[in-house]
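The report below describes a single protein chain through its strands, sheets, covalent link and overall dimensions. Please read it alongside the sequence and the coordinates.

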Amino acid sequence: VQLQASGGGFVQAGGSLRLACAASEPTFSVAAIGWFRQAEGKQRELVAATEAGGRKTYADSAKGRFTISRDNAKKTLYLQMNSLKPEDTAVYYCNTDLNPSDWQPFGPWGQGTLVTVSS
């Protein structure tokens, strides 16, 4: 399994970024997949996830601002982030092997992408 997250960067509060995660496993289209983030000094947390059937979940902090989507043909996961806030600053990771019952990750982590939001 290879995961490559991209799209992070430096943005001012209120701005937008679109993250992408390119995967390699053949089971991508039937997997529950998601985005997590880890801010400095904090534990990694779920941001958004989606299962093969289309069901999605978002952290309360992401609802209304972030949108998760997937392109199974490209084996790519996306996270559109709008109205970014300084508290969204973190390293964002994707995981393409989640338990769809509780969204807990049990797949490997790829290299994350850093998002920095200035006030």
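Are C21 and C94 buried or exposed? C21 is buried, as is C94, where buried means under 20% relative accessible area, exposed means over 50%, and partly exposed lies in between, with a 1.4 Å probe and protein chains only.

## Basis of the description

This is a predicted model, in which local features need pLDDT of at least 70 and side-chain atom pairs count only at pLDDT 80 or more, whereas totals for chains, interfaces and linings use all residues. Residues are numbered from 1 along each chain as its sequence is written, and side-chain values use heavy atoms, with hydrogens and water left out.

## Chain and overall dimensions

The chain has 10 strands and zero helices; helices (H or I, at least four residues) and strands (E, at least two) are DSSP runs numbered from the N terminus. Of its 119 residues, 40% count as buried. Among contacts with a separation of 6 or more, 56% come from residues 24 or more positions apart, a contact being heavy atoms within 4.5 Å.

A compact globule with 119 residues would have a radius of gyration near 14 Å, and the 13 Å of the chain agrees with this; the radius is taken over C-alpha atoms, and the globule rule is 2.2 Å times the number of residues to the power 0.38. Along the principal axes, the C-alpha atoms fill a box of roughly 40 × 25 × 25 Å. The chain exposes about 6,100 Å², of which carbon and sulfur atoms supply 47%, with accessible areas from the Shrake-Rupley method and a 1.4 Å probe, and for residues only the protein chains shown counting as cover.

## The six-stranded sheet

Six strands form an open sheet with mixed pairing, in the order β2-β10-β9-β4-β5-β6; two strands pair if DSSP finds at least two bridges between them. Strands β2 (9-12) and β6 (56-58) stand at the edges with a single partner strand each, so one side of each is left without a neighbour in the sheet. From one strand to the next, the twist averages 25 degrees, with axes as lines fitted to C-alpha atoms (for helices over the stretch in contact) and angles running from 0 to 180 degrees between N-to-C directions.

Strand β5 (residues 45-50) runs antiparallel to β6 and is joined to it by three bridges, and T50 stands opposite K56 in β6.

## The four-stranded sheet

The order β1-β3-β8-β7 describes an open sheet of four strands with antiparallel pairing. Its edges are β1 (4-6) and β7, each with a single partner strand, so one side of each lacks a neighbour in the sheet. Neighbouring strands of this sheet are turned by 15 degrees against each other on average, direction ignored.

Strands β1 and β3 pair over three bridges, with Q4 opposite A22 in β3. Six bridges join β3 (residues 17-22) to β8, where Y78 is the bridge partner of A20, and six bridges join β7 (residues 66-71) to β8, where M81 is the bridge partner of F66. Five of the six residues of β8 (residues 76-81) are buried, so this strand is largely enclosed by the rest of the structure. Four residues lie between the strands in the hairpin of β7 and β8, and there K75 takes a positive phi near 50 degrees.

## The disulfide

The structure holds one disulfide, defined as a pair of cysteine sulfur atoms within 2.5 Å. This disulfide joins C21 to C94, with S to S 2.0 Å, and the link is right-handed, with 55 degrees about the S-S bond. The pair links distant parts of the chain, with C21 in strand β3 and C94 in strand β9 (residues 90-98), 73 residues apart.
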